[in-house]
Amino acid sequence: MEINAKYPDKTYLYSIGTTKENRAILVLAISLIKPSRLEFQKYKNVKLIGNIHGDEAVGRELLLHFIEYILTPSNEDGYKILNSFMKETIIHILPSLNPDGFEHALQVENHQWRGNSDPNVDLNRNFPDYFMENDVPRELETVAVMNWLREINFVFSISFHGGALVVSYPYDNKNPISQSNPSNENLSDDDDVFKHLSKSYVGVLQQDAIIGQCSREEYIEPGITNGAKWYPITGGMQDYNYFNGVFELTIELSCPKFPEPTALLTYWNSHKDSIIRILDETRRGIRGRVLTINKLPVPYAEIYVKNRIHNVFTNNEGYFWRLLLPGSYVIKVNIPNVTTQFFPVQVPLNTGYVDVELVLNI
Ligand SMILES: [Zn+2]
């Protein structure tokens, strides 16, 4: 909140809900323009989320450091990259999705508290699932995220966790028939994009200083993994995001979940470059606008890429962003009662977008 007051031209603080113990779930939106709910409908939006599990403190701290870094002018390359990234992007930072759980973790012995106010709740098993039935009561934090996704067209998202070192990409779950085979991956149509983004982050997880914090039993070969191959989960936030138009990765960034406060700055210094790199890598694919013959924006139009089931939607101003690696694609706009043709597009080799304007015969 102090940050919001200090940088009113670049930040907008908002709440996506309130927890059972009456704590606000606060998000800080940062951009070069003065962000507001109106601007959320015009710009590209990405989000970074920490502390879903009560005792996973590192992601929360990392994001607070990130906020400070992005708002404090410097000549560092990372700062310059982020500022150029923010010319068209609003970054939404949610340091703690689970403030109740964090308070409980602070108070209990060994800080072991995965749940929210209820120790038996796992927020990362609480979302609707697309492979298995997940008929559990939705927690307030879960409902807050579901409503958030309905309000804002996010393009990309990271969910930061602790307790291992790995970047995990969709899908996180698989259908009941293949559940019994633990070696089975369950890959999405956008596996190329997910693997590329995951690889752009992974370097930090292979640093000796980071691996050195892991005990023998905690140590997992650092790298990237398909979530369902690592271990399938039902009701995870990552799959829910992907099925609702958002590319989300889960990053397990430290073996200790609740390290000594003095260690937290070291984690930030180690992870900083990877966070900047992965955000920069999301400047890929198709950037477009859907318009009527009279050049009026078409909101909520569905953008379909042939052979990929993941659709994105235009925002209120008719803009959309669709992550894709370099190559040739054909896309189609779907809106009710209107037939449109497929359009060929060529996504450039270097980081950047192909810009398209799709004018519908309406
Ligand atoms: Zn976790």
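**Ground rules.** I worked on a predicted model, taking local features at pLDDT of at least 70, side-chain atom pairs only at pLDDT 80 or more, and totals for chains, interfaces and linings over all residues. Residues are numbered from 1 along each chain as its sequence is written, and side-chain values use heavy atoms, without hydrogens and water.

**Domains.** I looked up the division and found domain 1 at 2-281 and domain 2 at 285-360; the bounds come from an automatic or database domain assignment. Their C-alpha centres lie 27 Å apart. For the contact (heavy atoms within 4.5 Å), I noted 20 residues from domain 1 and 21 residues from domain 2.

**Area.** I then took the buried area, which is the accessible area (1.4 Å probe) that two parts lose on being put together, summed over both. Between the domains this is about 1,800 Å², with 55% from carbon and sulfur atoms. On the domain 1 side, Gln41, Glu88 and Asp189 lose the most area to domain 2, together 27% of what that side buries.

**Salt bridges.** I applied the rule of a side-chain nitrogen of Lys or Arg within 4 Å of a carboxyl oxygen of Asp or Glu. Four salt bridges cross the interface. I also looked up Arg308 and Asp190, whose side chains form a salt bridge at 2.8 Å, N to O.

**Elements.** Using DSSP runs (helices H or I, at least four residues; strands E, at least two; numbered from the N terminus), I found that β5 (154-161) and α7 (191-201) each supply at least two residues of the domain 1 side touching domain 2. On that side α7 gives the most, with four residues.
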